[in-house]
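Subject: Structure handover

Hello,

Here is the structure I said I would pass on. Please open it alongside this message; my notes come after it.

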Amino acid sequence: MTAARGRPSLTERRRQETRLEIAETAAALFSDQGYEATTVEDIAAGAGISLRTFYRYCAAKEDALTPVMTSSVGVLVEELARRPVDEPLSSAVQASFTSSAATRQLADREQARRLVRVMGTVPAIRMRWLAAGREMQDQLVPVLAARKGAPEDSMEVRLLACALLDGISVAMEHWAWQDEPEDVAELTRRALHYLRIDEL
């Protein structure tokens with residue numbers, strides 16, 4: 001596939017890599033010098049891209065972290081879709097943390113923790129996170145409905161998607177702020193056990 005004027009288009013994998021590079025650069029800058037002090041020019045320079053490329057991927061500075069927020073849910077959805085439908089949901093979620101994609105995302109633990117802290121403390125970014133929540137729930141609903149043998153529009157399935165995402169989010173935020181961080185997969189397991197997610 002080629003773009004206009006004979007130039008080859010970026011593959012979807014390359015696009016995703018660029019989005020994540022922008023997000024990781026933005027997270028580091030927001031953490032090191034503050035959200036307000038960081039400009040779009042700083043992020044573009046740090047990511048090694050032009051301003052034009054930045055705006056191709058992000059409408060505004062506060063959108064820079066959105067790909068990281070949503071990509072983790074994409075990993076979870078893909079993993080759940082591959083797991084046996086009769087496997088406990090908590091076990092299937094645990095498996096998602098050991099998938100190759102999740103391992104890559106959490107390879108730099110301190111960077112990942114910093115990213116979560118930034119998402120939770122910068123109001124403009126937190127608003128983006130909350131807005132993305134509905135989209136992420138919508139990604140989960142079809143997979144959870146198949147596991148439960150229930151209609152996708154059932155209230156119970158949507159509540160389950162909401163509870164699952166909230167449990168994972170709280171576990172990640174707790175992990176990000178610990179002085180001596182525990183294993184994030186174990187924290188998630190505890191969170192889902194507390195919510196009795198397998199009984200919902």
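Predicted model: local features only at pLDDT ≥ 70, side-chain atom pairs only at ≥ 80, totals over all residues.

Core. The largest nonpolar core has 57 residues, and the members that touch the most others are L65, L80, V93, L140, L144 and L164. Helix α9, residues 155–177, supplies the largest share of this core, with 11 residues. As general background, nonpolar side chains in soluble globular proteins tend to be buried together. For L144, leaving aside residues up to four places away in sequence, the residues touched are L80, L89, V157, L160, A161 and L164.

Helices α9 and α10. L164 also belongs to the contact between α9 and α10. Helix α10 spans residues 184–194, and its axis comes within 9 Å of the α9 axis, with a crossing angle of roughly 135°. Angles over 145 degrees would count as roughly antiparallel and those from 65 to 115 as roughly perpendicular, so α9 is oblique to α10. The crossing is right-handed. On the α9 side the contact is made by L164, G167, I168, A171, M172, H174 and W175, and on the α10 side by V184, L187, T188, A191 and L192. By class, nine of these residues are nonpolar, three are polar and none is charged.

Helices α7 and α8. The second pair is α7 (residues 109–121) and α8 (residues 123–148), whose axes come within 5 Å and cross at roughly 95°. The two helices are therefore roughly perpendicular to each other. In α7 the contact residues are V118, M119, G120 and T121, which meet P123, I125 and R126 of α8. This contact divides into four nonpolar residues, two polar and one charged.

Single residues. R196 is in the segment after α10. Its phi is positive, about 55°, although R196 is not a glycine. Is R196 buried or exposed? The relative accessible area of R196 is 55%; the cut-off for exposed is over 50%, so R196 is exposed.

E79 sits in helix α4, residues 66–82. With a relative accessible area of 7%, against a limit of under 20% for buried, E79 is buried. E79 and R158 are 79 residues apart in sequence, and their C-alpha atoms are 19 Å apart in space.

Regards

Definitions and conventions. Residues numbered from 1 in each chain as written. Heavy atoms only, no water. Core = buried A, V, L, I, M, F, W, Y, C linked by side-chain atoms within 4.5 Å. Buried < 20%, exposed > 50% of the residue type's maximum accessible area, 1.4 Å probe, protein only. Helix = DSSP H or I, 4+ residues; strand = E, 2+ residues; numbered from the N terminus. Contact = heavy atoms within 4.5 Å. Axes fitted to C-alpha atoms, helices over the stretch in contact; angles between N-to-C directions. Parallel < 35°, antiparallel > 145°, perpendicular 65-115°, else oblique. Left-handed = near helix turned anticlockwise from the far one by under 90°. Nonpolar A, V, L, I, M, F, W, Y, C, P; charged D, E, K, R; others polar.
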